[in-house]
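Biologist: I am new to this structure and would like to learn how to read it feature by feature. Could you take me through it slowly, giving the general idea before each case?

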Amino acid sequence: MGAMKWLVIFVLLGVCSKAAASSDIQVSVFTATSKTMILRWTRYPGASSYKISVAPQSSPSSPIAFATFSSNTVMGSINSLSPNIQYTFTVEALDNTQVTLSNAAVDSSTAPEMMDPIQAVKPKDSRTLIAEFIPRTGATHYVIRVQNDEGFYREDTVSSSPALIQSLTPYTEYKLRIMAVNDGGRSQPSLPVTAKTVLPPPQLSTSSPSNDSITVSWVPVANAVQYSVHLYKLGSNSDMKHNTSDTTLTVSGLEAGSLYIIKGFAWDMEGRRGEGSLYINQTTRPPTPSSVNVSMVMSNGEAGLSVSWELDQEVYGSIEYHVMSDRGLQCNSTSSSCILSPVGCGEAHSIEVTASNEAGPGYPSNPVVFITYPCPPESLDLVESSEENCTLTWDTVPYADSYTAFIKRGDGGEETCNTTTTNNCTYHCQCGYTYLMSVFAFNQAGSSPQGEILNHTTVPCCPEGVSVSAVSTDTLEITWMASRGAELYETRAADSSEVILCNDTAPVCALSDLNCDRSYSVVVTPCNEISGCNRACRAHTKDTAPCMPMNLQLNPKNSSCVGVSWTANNRAATYTVSAIGDDGEHTCTTSGNSCDITDLPCGSTYDVSVKATSAAGQSLPSYSDLLETEPCCPVTLTVDQVTQAMTNVSWSHAKGAHSFITSLTSPRGHARCHTQDSHCLMGCITCGTNYTVTMEAYSHSGHRSNCTYQGFSSSACCPSGVRLYRMAGNSLRVHWRSAGSSHSYVTEMIGGSNNYTCTASPGESSCDVANIQCGDVYNVVVAPLTPDGTKVMFCSQRLYSVTCSGSNIGNVMYRGKRSVD
């Protein structure tokens, strides 16, 4: 450092020290060399000068040097020291009388002794030099100063020899100096040594233009006069060295698909080899695939070409094979096979296989021509010839060697037809079958894909077992066995005036609304949607049933016979008249238009109708008419007298009777009742009278039957004026007024504890009752006797009290009259 620089530092330090404020002086080492030490200290107030004394640390009491500085100085140096010695430096602040105001000491070592020049320098690479030197005792490390002629300057700190000097410029001359460093500082620089870095490595790039060559190229290296290229084959001990002054080198005669390791050097004009390049790996292109084979395969439902070849086991690294067809198909593989897809039928492919690695593709294989299987034949057509024979034809296709036609029948039967010369096939085809026909073409690659399928359905067969039956007067039911190939049946019934059609899928049909008593021609025609209808089926003739008789009329001839007539309008028929009632059916039969039904019972209702019958069946019955016979008379009729003037008439059930008028008739008057019941209560009857009993029975529709029964005689009249009279000997006499002298009368006296009876002979009007118990109340009845000796029950009673007079009858008192219970 120059004198001016040190002066500036001292002035600055002096200025700074004025601003410092400290109670004690402080000292520190600013810098040190092998023979000089520069110290700095703080200013002390009142000091007029500063003194530095130096003593070896081993003899601190034996100073070896002194130096004095003015009061304005805060930095000073001590010279003539010994290298690499540990010293104690003491700084004292002195006043004007040289009295020490404050002091401070610091220990420090001088720098090592100056180094010998660097012994040897050699290049490690183009940017690094290796320096060798003799170590210096006491040095903790070293500083190497690097300079060139262009002003480059740098100091590197190293710890030992040899030392690497890095990050230099290739092919540049440098001056190198070395300094030893310890805690005190660094030594003086050694004498310079000159060294030069070598050329930088060439930046190689490689490629393999063919499977037996490698091209190496690089950017020119400045100051290079020659280049060396070394090639090493992996797995071999051979080393191929090539020198050139050019920047491109192509090496031929190499092994295909092999890995080569390449390194390059540049040489300068001094004959020094420059830094070597990085190793570059380069593989030659792979060899040409051999034994290429092609076949057809199916992959994912698509047709493809399976291409295979032989692998070279000596090839280095991964190889990818590229397969290409001249029709634009290609595929890649790392194995020995690959599939080109999709391919179509009837295609000719020229196929090449090329192997590629990281160096690029090799030479392609010799082309292999392969023809795919033929396309399916088109334009299938069928011609039906006579005798149920069919001929299938198709168009020829390219690359086909032969054809096979498959004819499959709907029931599973199958025929095949092989041909190499024609494009047609004849086979037997029957009615009612669906035939599926397809044609395949063949060549060495195999069969064509499934092509057009011709679907041909022959007309359905005529049905067998046709049966025509009349199910009603206007309906024919036709049944048959289902015929092969039929999807729908058209049934036609035709007579001279009309045609009735029925279409159905079932093997049964009912043709209704036909004319009665007609002859119809019935044809069942099978049809299907594809082939239409078979119109060659034979007809069946069937007559419909007779027509229904009309204008039915009934003509009753007596109570058990009716005449029936109608209008007949059939060609030939027998007519049956039926009268159906609750007692069964009554019939008569005729070929004319009337007949009588006889033996019809009373009280019956009949539905009368007539049917026509012929060989074709029965007609509908005519509209019916209601026939009702006269009601029956009741078998029994009973007249019971309820009171003297009233009777109850009852009778048994009368079939067909809905209401009754019953009459009791006599010269003295008559009684009559009209009822729907089976009994009737009639008043106004005269006692002791003979009556004629008759009845009129009526049906619902008003038909009447007159019925006559045995006569009825009313009972004798009850007596009147009944009185009791007291007789001698506790006897009572009952007296009455008689209505006639032809009847006997009986008298009954009924008391609380005793009953008395007496009977009067015909013509008598009194009766005596002896031994009457007095003191009782008696009901007294006097009634005539019927011819059979029974008492008439409807005569009224009289109530009498019989008192006692002692032990005899006292008074007889009448207490009233009451009817019979």
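Modeller: Let us begin with the word strand, which here is a DSSP run of type E with at least two residues, numbered from the N terminus. Please keep in mind throughout that this is a predicted model.

Biologist: Where is Pro162 found, and what form does the peptide bond from Ser161 to Pro162 take?

Modeller: Pro162 also belongs to a loop, the one between strand S11 (153–158) and strand S12 (163–165), and the bond from Ser161 is cis, with omega near 0 degrees.

Biologist: How many helices and strands are there in the chain, and is the chain compact or spread out?

Modeller: The chain has 1 helix and 68 strands. Its radius of gyration is 80 Å, well over the 28 Å that the globule rule gives for 821 residues, so the chain is more spread out than a compact globule. The C-alpha trace spans about 215 × 115 × 40 Å along its principal axes, and 42% of the 821 residues count as buried.

Biologist: How should I read a nonpolar core, and which residues of the largest one touch the most other members?

Modeller: As a general idea, nonpolar side chains in soluble globular proteins tend to be buried together. In this model the largest nonpolar core has 23 residues, and those touching the most other members are Ile25, Leu39, Trp41 and Phe89. Two or more residues come from each of strand S1 (27–32), strand S2 (37–41), strand S3 (49–56), strand S4 (65–70), strand S6 (86–94) and strand S7 (100–109), with S6 giving the most, 4 residues. Apart from this core lies another, of 21 residues, including Val307, Leu340, Ile351 and Ala355.

Biologist: Beyond its neighbours within four places in sequence, what is Trp41 in contact with?

Modeller: Leaving those neighbours aside, the contacts of Trp41 include Ile25, Val27, Tyr50, Ile52, Phe69, Met75 and Val91, and among them are also Gln26, Thr73 and Gly76.

Biologist: Is Val780 buried or exposed, and which residues is Val780 in contact with, leaving aside its neighbours within four places in sequence?

Modeller: The cut-off for buried is under 20% relative accessible area, so Val780, at 1%, counts as buried. Val780 has its place in strand S66 (residues 776–784), and its contacts, with those neighbours left aside, include Val722, Leu724, Val734, Met749 and Tyr800. Glu748 is another of these contacts; although Glu748 and Val780 are 32 residues apart along the chain, their C-alpha atoms are separated by 5.7 Å.

Terms used:
Residues are numbered from 1 along each chain as its sequence is written. This is a predicted model: local features need pLDDT of at least 70, side-chain atom pairs count only at pLDDT 80 or more; totals for chains, interfaces and linings use all residues. Side-chain values use heavy atoms; hydrogens and water are left out. A nonpolar core is a set of buried Ala, Val, Leu, Ile, Met, Phe, Trp, Tyr and Cys residues joined through side-chain atoms within 4.5 Å. Buried means under 20% relative accessible area, exposed over 50%, partly exposed in between (1.4 Å probe, protein chains only). Contact means heavy atoms within 4.5 Å. The radius of gyration is taken over C-alpha atoms; the globule rule is 2.2 Å times the number of residues to the power 0.38.
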